[in-house]
Amino acid sequence: MSDPTPVLRLEGIVKTFPGVRALDGVSLDILPGEVHALMGENGAGKSTLMKVLGGIHQPDEGKIIVGEQPVVMSGPLDAKAKGIVFIHQELSLADELSVAENIYLGELPRKRFGLVDRAELDARTNRILKRLKVGFNAKTRVGDLSIANQQMVEIARALTVDAKAVIFDEPTASLTDAEKIVLFEVIADLQTQGVGIVYISHRMEEIFKITDRISVLRDGQYQGTLKTAETDEEGVTKMMIGRTLDLTRVERHHELGAVALEVRGLSCGHLFQDVNFALHSGEVLGFYGLVGAGRTEIAETLFGLRNPSAGTIHLNGEEVRITSPTDAIARGISLVPEDRKSQGLVLGMNCRDNMTLPQVSDLKSGPFVAEGAEVAIFDQYRDKLDIRTPGWKQTVGNLSGGNQQKIVIGKWLSMHPSVLIVDEPTRGIDVGSKAEIHNLIRALAAQGYAVIVISSEMPEVLHVSDRIVAMYSGRVMRTFTSEEVTEENLIQAISGIESDKAA
Amino acid sequence: MTTLTQKDVGTFLAKQGILIAFAIFMIGFALANQRFIQIDNIAGVMRSSAILGVMALGVTFVVIGGNLDLSVGSMMSFSTIVVLDLHDKLGPALAIPAMFALTLLLGAFIGFLVGYLRLNSLIVTLGMLSAIHGLTLTWSGGKNMDIDDKAGTWFSFFGQDRIMSIPVPILIFALVAVVLSLLLAKTPFGRKVYAVGGNGQAATFSGIPRARIVFMTYLISAFCVATAGLLQASRSMGSQNTVGQGMELEVLAAVILGGASLMGGAGTVFKTVIGVLILGFIQNGLLLVGLDFYVQYIVTWIIIILAVWLDIAAKRGRLWSPIA
Amino acid sequence: MTSFNRRDLLKRGAIWAFILVELAFFSIAGRFLSVSDAAFMDLDNMLLLLKQSAPIGIIALGMTIIMINGNIDLSVGAIFALAAIVMLDSMNWPFMQGLGNWAIPLAWIFALLTGVVLGAINGLLVWKTGVDAFIVTLAAMLGFRGLVFMYNGEQPTSHMNWSLVDFAEAQFLGLHTPTWFLLGTVLILWLLMTRTVHGRNAYAIGNNREAAVNAGIKVGPHFVWNFMLIGFLAALSAVVFYSESGSVNPNDGMLYELWAITAVVLGGTKLAGGYGSIISTLGGVIAIQLLRKGLGHIGADTQTVNLVIGLILISVLILDRQLNSKGKEELKI
């Protein structure tokens with residue numbers, strides 16, 4: 001049997017931006033009816049590749065070949081017309097309109113005078129919905145649907161054209177297990193119709209469950225393609241990071257201090273319920289779980305951004321009510337937030353001002369800000385954290401992601417908190433800086449800080465935490481010590497699987 | 001950073017473009033009418049810019065904080081009318097603080113709605129424009145205000161006298177400018193205003209009491225409006241109750257001309273002063289060239305749109321909008 | 001077209017419930033406090049109410065579409081005044097005088113064209129420069145008003161044509177002419193928003209602009225059409241009103257944008273865009289007019305009326321914010 005023609009082929013794609021070669025000769029081919037995983041660390045080039053494929057960027061070199069023809073993609077609409085459809089992580093729907101209107105957005109069937117042909121619209125939509133075996137109909141308002149169903153609407157949009165390739169970007173991030181099964185059935189259905197599926201994800205279990213082949217990118221370069229059946233997690237990981245994962249458990253060489261923070265029965269509506277844990281000085285407590293497990297919400301509650309609906313918080317043995325971030329900071333709690341650009345930094349301000357913002361009222365000489373003291377603080381943490389910037393006057397928005405994150409960390413370290421909460425410390429940061437930050441966190445613990453680390457990366461949370469709180473759907477499933485945790489039992493816990501050992 | 005990118009050149013042109021255009025205008029006006037560059041004309045422009053200028057300084061704080069204040073025009077009418085009225089009822093020594101108190105109360109109300117209740121500042125201040133106008137009409141009974149004994153009071157000091165041959169309004173404008181400039185650029189409060197306007201969410205995450213900061217910006221704006229009202233009342237010793245009508249847009253034009261971004265987080269007091277002067281000279285020039293008074297409105301319209309357009313264009317790197 | 005859930009129905013019904021409450025309140029309060037003997041809810045009074053709702057009402061209906069798009073138009077008051085001046089002044093032109101009553105529709109056309117052209121200017125500026133609609137129309141509010149004053153200085157512009165006045169004051173099937181224009185506008189705009197591609201796109205653009213753009217909807221021209229539409233409606237409102245009154249002052253129309261926005265927001269349209277309806281705005285318009293009339297009926301003066309409406313606007317804004325927050329679980333930002 002001769003090899004089938006790939007539905008989609010990328011040859012030698014090169015894309016450079018000022019100062020960085022985002023894609024360096026990437027080639028890929030997607031066969032009809034296969035599920036082809038695209039993997040790589042953050043910053044490996046996956047999203048740039050997708051943007052090139054979708055026509056948002058034009059490649060500097062290389063070809064995109066659909067079927068037999070090389071093509072030029074001029075934009076998402078053009079890509080769709082050529083049979084390449086994207087299902088993005090952020091759903092792009094108008095939630096006030098109906099399912100039908102969303103599916104046919106921009107191409108509503110018309111009658112005379114610009115009137116919408118509603119009968120035709122609903123009929124076509126219902127045909128597609130039937131194929132997907134969904135429980136809602138064409139007239140349902142999209143805003144009323146669950147996330148999983150909204151994703152189905154996106155997929156339905158893909159089916160309005162004769163799709164040759166459908167690209168899924170982290171589709172299961174917000175889905176329950178039952179919803180995932182439905183998604184996989186839909187994917188299988190697409191496969192039988194000869195559609196080529198590109199599956200971008202970090203979740204190993206899924207990759208090894210549904211994909212046929214895995215292609216890996218690292219630092220903009222194509223590393224290779226493996227047949228899923230012929231490799232394993234370690235093999236893929238090695239290709240992704242160029243080394244085997246250092247899953248060494250944390251070794252603590254210092255004594256733990258007193259309990260700095262204790263939380264009893266803490267709940268916040270349906271976001272999280274009945275959370276209990278105790279955090280010692282000198283300890284790193286990791287919080288691991290899927291998106292929506294409630295970890296960030298707990299951090300926000302501890303930082304005064306949310307009001308708990310039940311439960312108590314104790315700082316150094318004393319019960320407290322934390323009413324606002326100002327209050328939390330005054331009590332010695334600092335939060336390095338999840339999204340540094342929208343929550344951690346004022347991008348238009350310079351490095352020094354960003355770093356001293358929480359304490360600017362205390363750095364005074366007379367009624368004015370003591371700018372010398374500010375610069376001293378900036379210099380101190382610039383050296384300590386190895387922040388690369390031409391000077392403190394540099395606008396923070398111009399720094400790289402890693403350096404921006406270091407500014408945020410420096411900002412909070414300079415507050416000398418007793419409890420430091422770090423939410424996704426190394427998201428979107430290059431590998432070198434990642435290691436630096438991990439070492440820093442361990443060093444902080446050794447100095448007596450009480451640290452909470454929230455992370456979605458298993459190697460990270462295993463690497464830095466003394467104990468790990470595994471959460472699923474707002475509940476603490478289990479708290480592991482670093483001796484007893486394994487990848488398997490951790491994954492089980494965060495996937496909702498109960499075990500005999502309680503928290 | 002050694003290479004100049006196209007974006008840098010574009011940004012430079014956008015910012016200095018306004019100064020260049022202004023320079024061209026000035027030369028044009030001077031050629032058209034000699035009077036334009038005569039000292040007493042220039043002094044006159046600066047003196048009458050003082051009132052608008054003081055208001056613009058206050059609005060600068062509000063805009064840097066990420067909001068708008070469209071009520072300043074009618075609030076200024078209110079201040080002028082109230083202080084004139086109270087002058088004859090309570091005497092100048094009591095009338096002035098009383099007027100300030102009332103104006104600050106209005107500012108506090110707006111600050112509460114926008115800062116603490118988080119309502120949209122455009123709609124709220126537009127509504128307050130109308131409400132305060134009504135308040136002014138009620139207070140004045142629909143009539144114009146006049147001071148009875150104009151010669152027998154020291155009230156005219158603010159608007160008409162000179163200290164060391166500099167008109168008092170200009171001195172007051174300069175004083176307020178210096179104080180506010182220090183407040184904005186050198187104090188923790190000023191820093192926080194920039195933070196709240198630049199990224200309100202990040203400011204909250206840094207422990208900054210966003211509501212209070214926004215509230216304070218409206219108080220500052222009201223204080224400046226009260227000062228402007230004082231200057232106006234003192235200058236003319238009598239006034240119609242629509243004296244401030246339309247000024248909110250001129251103030252906004254001056255602030256925008258000075259380079260403050262309407263999205264918040266950028267701008268300075270000094271630049272607003274420049275904007276005020278530019279606007280003042282353009283208006284003066286138009287009059288001297290013999291154009292209709294209302295041509296100013298058209299020119300202000302063009303200026304506002306042009307200034308914001310160039311600012312946005314510089315930021316996105318393209319002149320024309322990429323909207324499909 | 002779209003399913004309604006219960007919460008949605010409650011929201012949409014709120015304004016009508018409010019109107020019923022107003023009717024009840026003023027009827028009862030009127031018995032005790034009224035300066036006149038007439039009942040509040042008599043038929044003539046209500047018909048007059050509809051007629052008086054027309055000027056701001058027609059503008060508010062256009063504003064609904066602009067706000068659903070996520071934009072705003074602050075220049076409608078100035079367009080209103082300028083269109084009125086063009087209509088009345090043009091009838092004074094020599095060649096128009098010669099046409100007798102045929103000058104009337106021609107004058108109307110001039111006025112409507114004025115509105116369309118001014119609206120197009122706003123729309124094109126928003127599209128091509130990318131400057132936010134509120135800044136463009138805020139500046140236009142001043143600029144267009146400048147044109148108004150430049151036309152005839154500070155003098156009123158008048159033209160008396162009795163046939164025109166008769167037509168404007170007439171009643172067909174019991175309803176006044178302005179009321180017919182209002183209802184006609186409601187019908188046409190309702191059809192536009194619920195049944196046409198342009199209308200559905202308007203919701204999409206306001207709801208999720210990026211999704212709309214990615215779907216190939218041409219946002220720029222869409223905006224231009226909508227600004228031309230509201231310019232047309234502002235001019236139409238002027239035509240309807242000034243045909244009867246015959247004289248316009250350069251300050252007329254001041255703050256009409258505020259009343260229009262108040263009616264739209266009161267009716268339930270969100271400031272952020274993507275949500276709202278023509279019918280709800282009609283409710284908002286009637287509610288406000290009812291308030292004016294009712295307060296007048298029980299002896300309140302104009303300033304009190306404006307104050308009450310202002311307070312109601314603030315309450316609605318607060319309510320809008322409360323309803324849009326997710327309650328206890330919201331971040332306290």
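**A strand between two partners**

Mentor: Start with strand E13 (residues 284-288) of chain A, which runs parallel to E20(A) and is joined to it by five bridges. This is a predicted model: local features need pLDDT of at least 70 and side-chain atom pairs count only at pLDDT 80 or more, while totals for chains, interfaces and linings use all residues. Residues are numbered from 1 along each chain as its sequence is written, and chains are lettered from A and ligands numbered from 1 in the order in which they are written.

Strands (E, at least two residues) and helices (H or I, at least four) are DSSP runs, numbered from the N terminus. Two strands pair if DSSP finds at least two bridges between them.

Now find Ile452(A) in E20(A): Leu285(A) stands opposite. E20(A) also pairs with strand E19 (residues 419-423) of chain A, in the parallel sense and over five bridges. There, Asp423(A) stands opposite Ile454(A). From E19(A) the chain crosses through helix H15 (residues 431-446) of chain A to E20(A), in a right-handed β-α-β crossover. Right-handed means that, with the strands pointing away from the viewer, the path from the first strand over the helix to the second runs clockwise.

How many of the six residues of E20 (residues 450-455) of chain A are buried? Six of six, so the strand is mostly covered. A residue is buried if 20 or more other C-beta atoms, placed from the backbone, lie within 10 Å of its own, exposed if 12 or fewer, and partly exposed in between. Look at both faces. Ala450(A), Ile452(A) and Ile454(A) point one way. Val451(A), Val453(A) and Ser455(A) point the other way.

Step back to chain C. It holds 14 helices and four strands. Its radius of gyration is 20 Å, close to the 20 Å of the globule rule for 333 residues, so chain C is as compact as a globular protein of that length. That radius is taken over C-alpha atoms, and the rule is 2.2 Å times the number of residues to the power 0.38. Along its principal axes the C-alpha trace of chain C spans about 70 × 60 × 35 Å. Of the 333 residues of chain C, 52% count as buried.

Last, the contact of chain C with chain B. It takes 36 residues from chain C and 35 residues from chain B. Two residues are in contact if their C-beta atoms, placed from the backbone, lie within 7 Å. H6(C) gives the largest share of the chain C side, 12 residues.
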